[in-house]
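Please look at the sequence and the structure below, and keep both in view while you read. The paragraphs that follow move from the whole chain to single residues.

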Amino acid sequence: MASLPRAAAALARQDCNNGCAAECTTEAGSKEVMGTFKAKDLIITPATILKEKPDPNTLVFGTVFTDHMLTVEWSSEFGWEKPHIKPLENLSLHPGSSALHYAVELFEGLKAFRGVDNKIRLFRPNLNMDRMHRSAVRATLPPSLGVKRPTKALIFVILSPVGPYFSSGTFKPVSLWANPKFVRAWKGGTGDCKMGGNYGSSLFAQCEAMDNACQQVLWLYGEDNQITEVGTMNLFLYWINEDGEEELATPPLDGIILPGVTRHSILDLARKWGEFKVSERHLTMGDLTTALEQDRVREMFGSGTACVVCPVSDILYKGETIHIPTMENGPKLASRILDKLTDIQYGREESDWTIIVS
């Protein structure tokens, strides 16, 4: 059974009152303390009442949580407090918290896998931490610097055992709803950061997708309807491109695409295999429909931590359903990628992409 720890940083509580130059000070005049926190200072307060372990066959994604959580408090006056593992509890926030009013927050998610050897492995957690740091800088959360940054913040980590991400199963194709009237991200925004505001604002479009009998949103961008992401997943297209080359393509990290860990890993694998062209390039709905008319599309799939790989079967676009022949073609590549990544994650294959923690 895989366990999904979600690290959510910062729940900022107050904004700095004096504008926040790099040498911002507190009301008492003490200089800001950044510092860090260390494992050797960890405080552990075990829960006295433990919940019954859930049936792994009936888990619903993101609804069951473990008995403990990790918290680390930060303030501009004192820096980081000692990390504390304690019983899972509700958070207490001031109603003026900037996390509630201005979405000054971020989150990160990764999985821990129980392998075939019963050891617990994390999959490329350094990439998650790199992305978390970039998001913190963008949100002016510690240790970042910026205008109107918070004076108090909280990192907390909660863990949740998970089953299939999609109700239809772990590797069944999904249908997508593509409508350019909704935009997930834009140039100069925060689409390349893992912030809650990017997700909360997408829910209305997701509801419209479901009202149109589709499972996910295919996010488009620009006058040429660039294909960007699928729901909360990165997108890949395996096809014969305009030059007659066999190619695996995904949109580039141009500021509106989230740099997914699974996306990164798929690109690394495909380039290592060296069997076809691997590109980070812009793709439009026009490119896709033309390729479908010319029978050049082999597979389309999303990728992400929760689902790993998710095939795409249909796209509802401009009132018409466009069929993607992913499943008719195996899907050979998507299946190969899924098998390779899960072999690494569950310890069936040794790899320096995993870290054994237990």
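**From the whole protein to single residues**

The accessible surface of the protein comes to about 17,700 Å², and 54% of this surface belongs to carbon and sulfur atoms; such areas come from the Shrake-Rupley method with a 1.4 Å probe, and for residues only the protein chains shown count as cover. The model is a predicted one, in which local features need pLDDT of at least 70 and side-chain atom pairs count only at pLDDT 80 or more, while totals for chains, interfaces and linings use all residues. Residues are numbered from 1 along each chain as its sequence is written, and side-chain values use heavy atoms, with hydrogens and water left out.

The protein has seven helices and 19 strands, where helices (H or I, at least four residues) and strands (E, at least two) are DSSP runs numbered from the N terminus. Of its 358 residues, 51% are buried; buried means under 20% relative accessible area, exposed means over 50%, and partly exposed lies in between, with a 1.4 Å probe and protein chains only. When contacts with a separation of 6 or more are considered, 73% of them are accounted for by residues 24 or more positions apart, and contact here means heavy atoms within 4.5 Å.

Some of the buried residues form nonpolar cores, a nonpolar core being a set of buried Ala, Val, Leu, Ile, Met, Phe, Trp, Tyr and Cys residues joined through side-chain atoms within 4.5 Å. In the largest nonpolar core, which has 25 residues, the members that touch the most other members are Leu 218, Met 285, Leu 288, Met 300, Ile 315 and Ile 324. At least two residues of this core are supplied by each of β10 (174-178), β11 (216-221), β12 (226-230), β13 (233-240), α6 (285-293), β16 (297-304) and β17 (308-317). If residues up to four places away in sequence are not counted, Leu 288 touches Ile 227, Leu 237, Val 297, Met 300, Ile 315 and Ile 324. Apart from this core lies another, of 24 residues, and among them are Phe 236, Val 261, Ile 344 and Trp 353.

How do two helices of this protein pack together? Two packed helices are described by the angle between their axes and the distance between the axes. Helix α5 (residues 261-273) and helix α7 (residues 332-345) pack at an angle of about 105°, and their axes are 11 Å apart; axes are lines fitted to C-alpha atoms, for helices over the stretch in contact, and angles run from 0 to 180 degrees between N-to-C directions. The helices α5 and α7 are therefore roughly perpendicular to each other, a description used for angles of 65 to 115 degrees, whereas those under 35 count as roughly parallel, those over 145 as roughly antiparallel and the rest as oblique. On the α5 side the contact is made by Thr 262, Ser 265, Ile 266, Leu 269 and Trp 273, and on the α7 side by Leu 333, Arg 336, Ile 337, Lys 340 and Leu 341. These residues divide into six nonpolar, two polar and two charged, where Ala, Val, Leu, Ile, Met, Phe, Trp, Tyr, Cys and Pro count as nonpolar, Asp, Glu, Lys and Arg as charged, and the others, Gly among them, as polar.

Ser 303 is found in strand β16 and is buried, with a relative accessible area of 1%. Leaving aside neighbours within four places in sequence, Ser 303 is in contact with Met 233, Asn 234, Phe 236, Thr 262, Arg 263, Ile 266 and Val 308.

The backbone also deserves a careful look. Most residues other than glycine have a negative phi, and most peptide bonds are trans. Val 308, in strand β17, is not a glycine but has a positive phi of about 70°, and Val 308 is buried at a relative accessible area of 8%. Thr 140, in the loop between α2 and β9 (152-161), has a positive phi of about 55° although it is not a glycine. A cis peptide bond, with omega of about -5°, joins Gly 330 and Pro 331, and Pro 331 has its place in the loop between β18 (320-323) and α7.

Lastly, Ile 43 lies in strand β2 (residues 43-44) and counts as partly exposed, at 37% relative accessibility. Leaving aside neighbours within four places in sequence, Ile 43 is in contact with Lys 82, Pro 83, His 84 and Ile 85.
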